[in-house]
Amino acid sequence: MAAAARPLVSVQPLPASLNDMVTDHVTTVALPDVMKASIRPDIVNFVHSNISKNSRQPYAVSKKAGHQTSAESWGTGRAVSRIPRVSGGGTHRAGQGAFGNMCRGGRMFAPTKTWRRWHRKVNVNQKRYAVVSAIAASSIPSLVMARGHRVESVPEMPLVISDSAESIEKTSTAIKVLKEIGAYPDAEKAKDSQAIRPGKGKMRNRRYISRKGPLIVYGTEGAKLVKAFRNIPGVDVANVERLNLLKLAPGGHLGRFVIWTKSAIEKLDSIYGSFEKCSEKKQGYVLPRSKMVNADLARIINSDEVQSVVKPIKKEIKRASLKKNPLKNLNVMLKLNPYAKTARRMALLAEAERVKSKKEKLDKKRKPVSKEELAAAKAAGKAWYKTMISDSDYTEFENFTKWLGVSQ
Amino acid sequence: MQHDEVIWQVIRHNHCSFMAKITTGNFCRNPYNITGVCNRSSCPLANSRYATIRDHDGVFYLYMKTIERAHKPNELWERVKLPRNYEKALEIIDKHLMYWPKFLVHKAKQRLTKMTQMSIRMRKLALKTREKIMTTPRKEIKRESRREKKAETAAELDKSIEKELLERLNGGLYGDIHNILPKHFNKILDENELQAVSEDEEYEEEPEIEYVQGYDDLEEEDDIEDFGGFAIDESLKNNDDAHEDEEGMDSVDGKRVKRRSESAHQKMEEDERRKSKKKAKVLVEVEHEDASERQRATF
């Protein structure tokens, strides 16, 4: 997010009665770029689940377990199963099955080994990405509340307190400070939630469980506030230069409530760098760029810049219709060729005419001829013959002879 | 930064502490949620511009949050008190949410309607007397009934009633009527009759005519002393018996004492009668034997 002026975070002053800082009027710090990094819960989950495996202690069963017998199978023919049985006699144990995972007193299936791969390697960049994401998520009040922290009475997120807090020595003053800045309800919640763990963990040195309270991050090395705050139930303390993902996103869930001191937040810029500038402490490391700088898709679409160039919505959607053959379908043919109607009409009429005339002719022919017609036909035949045999009936014979040059 | 879409993706698909999944759907426990459902448009965390109606001590407030205050959780929610009048409250909502998305305006009015209806119904129900369901603590009830039974047997009501009534009888409350309570009256009579029967066994007789010779025999060498002595002994005997009776009576309860004393009276009279008879008996020894024979005959 290339903001021209970075937003300012105000530093919460601590009451003058606690310390001698009289000039504790409200100062501001620019928001470090880390807090604007992209929030990737998937990366945080992956890194967290792998990193939490790194503090495991190996466990295994004894490698001799189940094999400390000299058992031999009795083989076939004895009306017993072929499992190896304990040799010897005079005791219950003799003849009992041994060695198998199904036998009483046998070794388990696939005995656990100490050379199991207990630790996981995670890429440095991924680890850094996860931490950066967790820091960014801690500055969003919604995510912190969703994780379960009681931050309703906190004056500002991210919560920054003045450096005079780093010289607090007594836990009682520490609690007073927490109450002043509105972080006490969260610590109280953690204290009230202390309970005995249900299950076998009780007897495996994990007897008590409780919720997590705020995480205090300080900037200067060797600050006294570590000792003051560490005994408050639920409260964790961390140095900025050594931030632990397991503390920033407990359980793999983003959004721990973090209280920064002024020097801590000022150091964040130099530790993690910005989106363009390399970090000073981590060589060559630049904050990860997100796929979308502005992830609010709905807002982008509804913005003026986009809406002004967007085509209007098609309310009527035309769908592809079924193709009909014009040669078979008259209406479709007419859409293409309107004359086809008259042409077809003419054709039909002509056809009808033809049919009619043919019928008449045939009827006439098939009808027996009457006497007058017969006489008329005969006479016409005779007259024709006469014309055929007379060649002087030709009217323009004279012209014709002239032309021909033939004299008669 | 504060991108609603990003926040919603993280909340919905990863983890939200306010979401409650039940068989019918996903619900939101957040007190500021307007519908109570876990939804993209109803999530108060994933919408930077949001409004709700909340009820505080019967007064309705319109809560609004805007993106300008999103980084200050302390001052996030702006509160407007709604008037009691339903129509006026709707107008106020319209005024404050004038250019807001239609969804929020509609839901806010819906919520206000529902809440007013609920409050009306609650007030109506409060006026009606409703039967209160009490629990029966079985243990206590059983324990009390057991103790009651024991106390009843320990009290011995029959005896105390008897005592009281006897006292009353002695006190003359019932005058001369002795058989007020027939059961007890018969019981006492039975007891006393037994004694009377035993006495009868000792002294058996019915007054019978005895034919006695003249006392000419007395002139025979019989000392009067002897007869008199004999008679005196007999009378003494009787007196002893009488005394015994009296002692026996004293040891028993008051009621019976009274009866016994009375019956004793009667007995005394009877004894006197018998004494006289005995005297007659003594003189003639033979009659005793006859008497015993008679006794056997009666048996």
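Biologist: The expected span of a helix is 1.5 Å times one less than its number of residues. What should α5 of chain B span, then?

Modeller: This is a predicted model, where local features need pLDDT of at least 70 and side-chain atom pairs count only at pLDDT 80 or more, while totals for chains, interfaces and linings use all residues. Residues count from 1 along each chain as its sequence is written, chains are lettered from A and ligands numbered from 1 in the order written, and side-chain values use heavy atoms, without hydrogens and water. As for α5(B), residues 157-170, its 14 residues should span 20 Å, and the end C-alpha atoms are 20 Å apart, so the two agree. (Helices are DSSP runs of H or I, at least four residues; strands are runs of E, at least two; both are numbered from the N terminus.)

Biologist: What follows α5(B)?

Modeller: B:Gly172, with a positive phi near 85 degrees.

Biologist: Switching to chain A: what's the strand order in the open sheet?

Modeller: β2-β1-β5-β10-β8-β9, six strands with mixed pairing. Strands β2 (27-30) and β9 (236-239) of chain A are the edges, each pairing on one side only (pairing takes at least two DSSP bridges).

Biologist: How many bridges join β5 to β10 there?

Modeller: Three, between residues 159-161 and 258-261 of chain A, and the strands run parallel. A:Val160 sits opposite A:Trp260 of β10(A).

Biologist: And how many residues does each chain put into the contact?

Modeller: Chain B gives 19 and chain A gives 25 (contact means heavy atoms within 4.5 Å).

Biologist: How many salt bridges between them?

Modeller: Zero between chain B and chain A (that would be a side-chain nitrogen of Lys or Arg within 4 Å of a carboxyl oxygen of Asp or Glu).
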